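I would like to begin with one chain and then turn to the place where two chains meet.

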Amino acid sequence: MTKKNSDIIAGIVFFAFAGLLYIAAGFMPTRTGGIPALNTGFYPRILAILLAVLSVLMVIEALRTQNTMKVQSWWNTKTAFLMFLVTLVMLVLYVFVMKIFGFATASLLFITALMWMLTDKQGRKPFLILGVSVGITALIYIIFKMILSIPFPQGLLI
Amino acid sequence: MELFSMDLYLSGLQYFTNPIIYVSSFLGVLIGIIFGALPGLTATMTIAVFIPFTFGLSPVIAFAFLLGLYSGSVYGGSISAILINIPGTPSAIATSLDGYPLSQMGRAGEAIGISTISSTLGGFFSVIVLMFAAPAIASVALKFSAEEYVGITLIGLSIIAIISPGSTIKGLIGGVIGLIIGIVGMDPITGFPRFIMGRAELLEGIDSIPVMIGMYGLSEMLVQISSSEYKVTVKQKLSKLIPPIKDLKRIFGTVVRSSFIGVLIGALPAAGGSIAALVAYGQEKRFGKRRDLLGTGIIEGVAAPEAANNASTGGALIPMLTLGIPGDAMTAVLMGGLIIQGLRPGPLLFQQQMPFVSSIFISLLLSVVFMCILGLLGAPVFAKLISFPKKYLIPAILVFGLVGSYAISNSIFDIWVLIISGIVGFVLRKIGLPIAPIILGMILGPLFESNFRRALMLSGGNWATFVQRPISLAFLIVVVVVLAGPAIMKKFNKSIIRGN
């Protein structure tokens, strides 16, 4: 995809979003008469109009430029894309593991797994990875749990 | 408010009998330099990720740490710019122009030494300006009414839109999206809940800290995970870190000029360190004694941007503290840290919390001192850390972000905000929409809305109220000039060329 097309699509998406916002603002309580600024929907509507105007300008700007430059690809390789996806899944899993087992366990698992993934197959040293992970987790535990005494969800473990 | 009285400045000294504050500042500078020097970890991200570490600390100690991070990371960026030609943080982009050639000649130690001294002098100068300018501006700002605040917010959003990479329109869209994010939560006037999707957590609005950690930290890590990682090694031994007197004499003029530029540009709402450094380098190219050699590796080329970017730190704090309008993305994040402590930046802060404001001045000064010491003594160590493998850093930063977001209000909900912001930030980076305007819009949104609507209510719905007050009118003219200026200049230049 060229940069030009990517800008046009983004402009259209923003315009659609502005439209939705405008419509949604219409459902907010409105009193007839009086100063419009008092109504809840007033300010969101103004922002929706601003965004709509700007997104039209963005599309016009994109149409007028002869920018056929390719967009920098989102993921360099297939592995990079997989890494990206797995990281996202792990971020989501972190929340559930934290709820069930506690935040220290979740942190330790997250760091170890991600480090394992980011290291090339040849260079993997299990003890080093585990050691660094335990170290970082301990640091987080000391700072957040012991010094700042943040009440984390009570898990089965720590 | 009493101006220029010594008591004003010294009222914060009482805090500095507590040794913790020195430890806090020292750690801030140390971590700041390390993160600043690591390519890919920007100063803004560093501050965002570490804000949760300051919860529960008293505001004075928290800010000693955060200001240390700020000074340290802006300076630290120069180390990697010089050694490997990759600016560790955007403020150091101009530093690599002469810093890297110097390093190729085997003079990296000298370059880092010059960078340290220039950063220190720039930082020192900016503290002085901050101390004198801020209370004066705050006392003027006390007289501002809703209309003027609307004008200042618009100035901030338009400046950040034109200086952000990419087109001005994209920058403005970012700003409006930020304002839209700011709508979520209770209507400040009618109390009606807007777009809260049935979540009680959203009544108070979306918390800005997880959004900032997500957009600056998580999305940056996602970008690094999804691109091939570069491996860098630094083999050069650093020597002559302490510059000889003759070098200092040579850069003196450059440092003074650049410091002025740095403070001034820093103090403009929304124009920050990277712009200051580029402008300072540009003026050195025009007025410097050895301008012809610039770019080939001369110490003036390192001194100019480094003095300017550290001078911009104090400058950028001026609008943030006095008006509540951050001077750049880094101070926007710092402002988030201030709000979390229950302190609203603005002229009232100077009236009600002067000891705290004074402690900010002293902490910034302290951070400059630590920066100088750590820079001159620790540079060889920091240079080694640049080659520190990313695979250890990325997981650590992600977990810092996760735990930190939770810790803001002990809520899992904020972790979801973090993850969603991270994905949105990743997409925005890829489609070339700048992030800084969004953050600024989001932070300024609630204040902007209540001032905007209050002005309209008090005037009985009359929009002319924004142009009837002279200061407000002047601010709006500035907005028009900022937005239309570049286009007009272009036309003007073209017509001159044609005329010739």
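This is a predicted model. Chain A has 5 helices and 0 strands, and reading from the N terminus its elements follow the order α-α-α-α-α.

The next point is the overall form of chain A. The C-alpha trace of chain A spans about 65 × 50 × 25 Å along its principal axes. The radius of gyration of chain A is 25 Å, whereas a compact globule of 158 residues would have one near 15 Å. Of the 158 residues in chain A, 27% are buried; to count as buried, a residue needs 20 or more other C-beta atoms within 10 Å of its own.

Among the contacts in chain A with a separation of 6 or more, 66% join residues 24 or more positions apart.

Now to the place where chain A and chain B meet. Chain A puts 49 residues into the contact, and chain B puts in 44 residues. On chain B, the helices that each supply at least two residues of the side touching chain A are α8 (168–181), α9 (208–225), α16 (390–409), α17 (412–431) and α18 (436–458). Which of them gives the most? That is α16(B), with 10 residues.

What kinds of residues make up this side of chain B? By class, the side of chain B that touches chain A holds 28 nonpolar, 9 polar and 7 charged residues.

Technical notes: Residues are numbered from 1 along each chain as its sequence is written. Chains are lettered from A and ligands numbered from 1 in the order in which they are written. This is a predicted model: local features need pLDDT of at least 70, side-chain atom pairs count only at pLDDT 80 or more; totals for chains, interfaces and linings use all residues. Two residues are in contact if their C-beta atoms, placed from the backbone, lie within 7 Å. Helices (H or I, at least four residues) and strands (E, at least two) are DSSP runs, numbered from the N terminus. Ala, Val, Leu, Ile, Met, Phe, Trp, Tyr, Cys and Pro count as nonpolar, Asp, Glu, Lys and Arg as charged, and the others, Gly among them, as polar. The radius of gyration is taken over C-alpha atoms; the globule rule is 2.2 Å times the number of residues to the power 0.38. A residue is buried if 20 or more other C-beta atoms lie within 10 Å of its own, exposed if 12 or fewer, and partly exposed in between; C-beta atoms are placed from the backbone.
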